[in-house]
Amino acid sequence: MDLQKQTAPAAASAPAASELRASDADRDRVADILRDALAEGRLTAEEHAERVEDVFRAKTVGELEPLVRDLPGAHHHRTPPAYAAAPGRPTAGAIPADPDENVIAVFSSAVRKGRWRAGRRIHAYSIFGSVEIDLSEAIFEYRQVVIKAFSLFGNVEVRVPENVSLRGTGGGVLGNFEVDTLDAPDAEAPVVFVDGWAVLGNVEARPKRGKLVADILDRVQRKVDKSVHKHL
């Protein structure tokens, strides 16, 4: 019996890179190159405005490429910054052995919050009481802050801004020791380490939603102002 050879249909060819639909990230990349070219004097304000309009009208990657083909920024390979996680433990020698401040509650409550300067080491003791340490508006003069917390039939609560890193090492004996690990997007952001024990009590540390430490925001704003001034 003769075998009939059937030709398989040709697979559809993949679209060229220039034919792919442009993403928001593609448009942002091209817009950044145009902004730098304007700041360097390679483009006039009118040329920059025209090209930016074309960026947002572009539907494919191929339509974006001609807008920056004559600019050196389009041909520079930009290596993204390496992300470095905050350390799990304080740097050796960075934290003193003695506390800068003691917060103590014995059959009472103690609160530390508002605009205050956080030291490198803070000790918190709660014995049949309640301690609240709120760093959401604090001034961080040091990059690493250690909070040693001890709770006996009591409660210790630590709150930090959302733009710092938070680490914890401790445990509970018939109690609860809970630290919500947090990594700040800024590599230079402060790191808060919460250590200690909860004996028939509670130690809890977590970010305070919506709160950002002002010192970091001030640094970022200064960088932005410096960049704008340079471009002008």
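How many aromatic pairs does a search of the whole structure find? The search finds two such pairs, where rings of Phe, Tyr and Trp (its six-membered ring) pair if their centres lie within 6.5 Å, and planes under 30 degrees apart count as stacked, over 60 as edge-to-face and the rest as tilted. The rings of Phe 107 and Phe 128 have centres 4.9 Å apart and planes at 0 degrees, so this pair is stacked. The rings of Phe 128 and Phe 153 are likewise stacked, with centres 4.9 Å apart and planes at 10 degrees. Together, Phe 107, Phe 128 and Phe 153 form one aromatic cluster.

The model is predicted, and local features need pLDDT of at least 70, side-chain atom pairs count only at pLDDT 80 or more, and totals for chains, interfaces and linings use all residues. Residues are numbered from 1 along each chain as its sequence is written, and side-chain values use heavy atoms, with hydrogens and water left out.

Phe 107 is exposed, with a relative accessible area of 63%, whereas Phe 128 is partly exposed at 41%; here buried means under 20% relative accessible area, exposed over 50% and partly exposed in between (1.4 Å probe, protein chains only).
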